[in-house]
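I opened the model to look up its confidence, its strands and its nonpolar cores, and I kept the entries in the order in which I checked them.

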Amino acid sequence: MPACRCSGSGYNVRDFAMSVVMLTRGLMRSCIGLALLSAVLAALAFGAPAGEWQKMETTEQELHDRFGGRENEISLSQATSLLIALVNRDRQEAGLSSVARDRVATVAAREHALEMASHRYLSHLDLAGHKPSRRYNAAGGTDQVSENLSYWESDVRIYLTPQLVRDIQKRWMNSEEHRANILSPTHTGVGVAIVLLWDGKRSVLTAAQEFVDDCGDYSRLPAKAGIDDELTLEGELTGEAELIFVGVGYEPLPEPQQPDALNEELNGYSLPRAFVGILPAGERFRRSFTDMPTLYLLRDEPARGRFRLKLTLAELFAALEATRFPTAQVSEFKPGLYYFMVCARSEESRQFVVSAQVVEVRS
């Protein structure tokens, strides 16, 4: 439940009949994924800082005074609605528009929060090695998503209360990185999840926020494809977002993860650096990238935010080879994850990714 780097509480009871005050001990931690790009044309990379586990000692009574008890318990539906209301309160106080509950992001948040609670770990990677974008794609999403996570465990039973939900949001807002994610002006939607488990000996609480930047409509790319399979990405930007280009990034195939290893690393996550920038065909003699190869493969009406990209990875790498770019990051096909990232510019010239879809290619 806590914020940025975390603190937490837990409770060890050796003898319930003892009248002395027992100290609580536990673990708490939070993670974040930022949706903001500092140099989108150069890198298309962003992510979360690493966190750390912290322990906090308190009494059982202090724990219940802080978070409430059974008499304060609310339903899961009430808790998630309250968390969204708190997000919108904080955004409105910062002069930003509210975010709406996003159904697809809610599914992604719920599945990841449940897996973390069930296996007692905290990470933006899941046990299959997947990052937030891929989980969001698997749930049916085609926009860009950025993630806040939190974890807390205790060996005293805790209850889902308004005080507990407010503490989750307060800790996120007290963290510079989490706060920046919550207060991003490009966010339009959010999916939230809270999971609280009690096994008779220990409480485990996880929370997730999946923020969505819905700036258009995009066709869905397949989750898996071959190097010779045709990929078609079509889209139309809406509102004030202006299409800049489509970047393609690469990561090695994911490996299965173990909870203990994820807890030890406490790493953040990022989108991969784009190894090629794809511009509209009509831009051939007007624009190019200086730090990565440029291909002119976008069709349709880019001036109106409409675009269409149709190719195979075999064709993409053949075109890359023809550019003979001197410092190409990825110059030949390798099995792995290929990220198709649609980059746009806001009215304030802010550059950000509006869609990120991941395709697993093994051959």
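I began with pLDDT, the predictor's confidence in each residue, from 0 to 100. The protein chain averages a pLDDT of 85, and 85% of the residues score at least 70. I noted that residues 1-26 have a pLDDT below 50, although this stretch has 105 contacts in the model beyond near neighbours in sequence, a contact meaning heavy atoms within 4.5 Å. Residues 32-50 also lie below 50, with 79 contacts beyond near neighbours in sequence. Where pLDDT is low, the predicted coordinates should not be read in detail.

For my own reference, this is a predicted model in which local features need pLDDT of at least 70 and side-chain atom pairs count only at pLDDT 80 or more, whereas totals for chains, interfaces and linings use all residues. Residues are numbered from 1 along each chain as its sequence is written, and side-chain values use heavy atoms, with hydrogens and water left out.

Next I traced the strands (DSSP E runs of at least two residues; helices are H or I runs of at least four, and both are numbered from the N terminus), taking two strands as paired if DSSP finds at least two bridges between them. Six strands form an open sheet of mixed pairing, in the order β7-β14-β13-β9-β10-β11. β7 (224-225) and β11 are at the edges with a single partner strand each, so one side of each has no neighbour in the sheet. β9 and β13 run antiparallel and are joined by nine bridges, and I found Phe-245 opposite Cys-343 in β13. Helix α8 packs on this sheet, touching β9, β10, β11, β13 and β14, and its direction makes about 95° with that of β10 (axes are lines fitted to C-alpha atoms, for helices over the stretch in contact, with angles from 0 to 180 degrees between N-to-C directions).

Which residues touch the most other members of the largest nonpolar core? Among its 34 residues they are Phe-275, Phe-307, Leu-316, Tyr-338 and Phe-340; such a core is a set of buried Ala, Val, Leu, Ile, Met, Phe, Trp, Tyr and Cys residues joined through side-chain atoms within 4.5 Å, where buried means under 20% relative accessible area, exposed over 50% and partly exposed in between (1.4 Å probe, protein chains only). A second, separate core of 28 residues includes Leu-82, Ile-84, Leu-96 and Phe-211.

Last, I checked β4 (residues 189-198), where seven of the 10 residues are buried, so the strand is largely enclosed by the rest of the structure. Ten bridges join β4 to β5 (residues 203-213) in antiparallel fashion.
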